[in-house]
Amino acid sequence: MTKTRVMFNIVRRFSGYSTEPLIFRQLFDNISSTYTYLLGCPKTRECIIIDPVLEQVKRDFQLSKDLGLKLKYAINTHMHADHVTGTGYLRVLSGCKTIISKASGAAADIYVNENDQIVFGCHSLKVFSTPGHTNGCVTYYNPNQGLVFTGDALLIRGCGRTDFQEGDPKTLYKSVHSKIFTLPGSTLVFPAHDYKGFLCSSVDEERRLNPRLTKSETEFVEIMNNLNLSYPKQIDRALPANRVCGVQDIPEDAKRDSAI
Ligand code: FE
């Protein structure tokens with residue numbers, strides 16, 4: 001059995017149910033308008049970070065230390081095209097494992113698939129495969145606290161683009177309607193980006209008010225195929241780096257930090 005396979009089984013084995021409160025922080029990167037999320041267990045002090053941005057890794061890692069938490073996993077919802085992931089750098093600083101879906105095509109220590117559970121202390125996230133923005137997009141659901149981390153599959157009053165990286169509007173429509181929109185309406189939606197200042201939404205809000213996903217599938221495809229969006233600024237830097245889990249050449253100052 002390979003090392004990756006062993007770790008994968010560890011992720012799958014436990015099904016956490018907890019009445020413990022969740023330590024939760026939402027962080028933002030101004031350049032890429034990316035949200036990063038830190039989730040921690042107050043009992044065991046284990047934590048995870050979802051969608052870290054390379055340039056913000058020191059901030060995020062310091063926050064985990066300030067809160068007395070130990071980083072267990074650095075996780076991506078998909079292979080991002082608009083920023084370089086901070087997961088590889090976080091692994092160097094903290095010794096954590098990195099996680100992404102197998103279908104993403106990106107390197108990681110652990111690959112997750114539909115219905116896997118990611119366990120940190122007394123909390124866990126359930127994995128839903130939600131392709132359409134990219135083939136490897138996954139959504140992470142915390143049923144106990146009623147939170148869902150949708151990456152770019154579902155944004156607040158919007159959704160991720162489908163015009164590059166294996167994007168497909170029909171697939172995205174199906175993913176959102178058959179997976180995310182079937183969750184309880186009160187579930188809070190935390191996306192990977194926002195460009196208008198919103199922090200979070202709910203499944204009920206998006207089911208009723210999302211201007212794209214309240215349309216029929218045919219209308220949705222028409223909308224998505226005619227967005228005429230500009231070429232992402234960081235894509236030529238981000239994709240090659242993200243295929244290998246972010247930066248591999250860790251700056252000297254980062255090496256010093258990791259020794260602290
Ligand atoms: Fe994306």
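**Cavity, pocket and helix contact**

Analyst: In this predicted model, the largest cavity has a lining of 15 residues, and those nearest its centre are Asn-76, Thr-87, Ile-100, Ala-107 and Cys-245.

User: Which strand gives the most to the lining of the largest cavity?

Analyst: The structure has 1 cavity of 30 Å³ or more, and about 50 Å³ of space lies in the largest cavity. Its lining has 8 nonpolar, 7 polar and no charged residues. With 3 residues, the strand that gives the most to this lining is S5 (residues 97–101).

User: How many charged residues are in the lining of the largest pocket?

Analyst: The largest pocket holds about 800 Å³ of space. It is lined by 31 residues, with Asp-82, Arg-161, His-193, Tyr-195 and Leu-229 closest to the centre. By class, 12 of the lining residues are nonpolar and 11 are polar, while the number of charged residues is 8.

User: Are helices H2 and H3 parallel or oblique to each other?

Analyst: The axes of H2 (residues 57–66) and H3 (residues 87–94) come within 10 Å and cross at roughly 45 degrees. Angles under 35 degrees count as roughly parallel, and 65 to 115 as roughly perpendicular. The two helices, H2 and H3, are therefore oblique.

User: How many nonpolar residues are in the contact of H2 with H3?

Analyst: H2 passes H3 in a right-handed crossing. Val-57, Lys-58 and Phe-61 of H2 meet Tyr-89, Leu-90, Leu-93 and Ser-94 of H3. Among the residues of this contact, 1 is polar and 1 is charged, and the nonpolar ones number 5.

Methods:
Residues numbered from 1 in each chain as written. Predicted model: local features only at pLDDT ≥ 70, side-chain atom pairs only at ≥ 80, totals over all residues. Heavy atoms only, no water. 1 Å grid on protein atoms, 1.4 Å probe; cavity = no way out; pocket = protein on both sides within 12 Å on 5 of 7 lines; lining within 4 Å. Points joined across faces, edges and corners; volume = space filled by probe spheres on them. Nonpolar A, V, L, I, M, F, W, Y, C, P; charged D, E, K, R; others polar. Axes fitted to C-alpha atoms, helices over the stretch in contact; angles between N-to-C directions. Helix = DSSP H or I, 4+ residues; strand = E, 2+ residues; numbered from the N terminus. Parallel < 35°, antiparallel > 145°, perpendicular 65-115°, else oblique. Left-handed = near helix turned anticlockwise from the far one by under 90°. Contact = heavy atoms within 4.5 Å.
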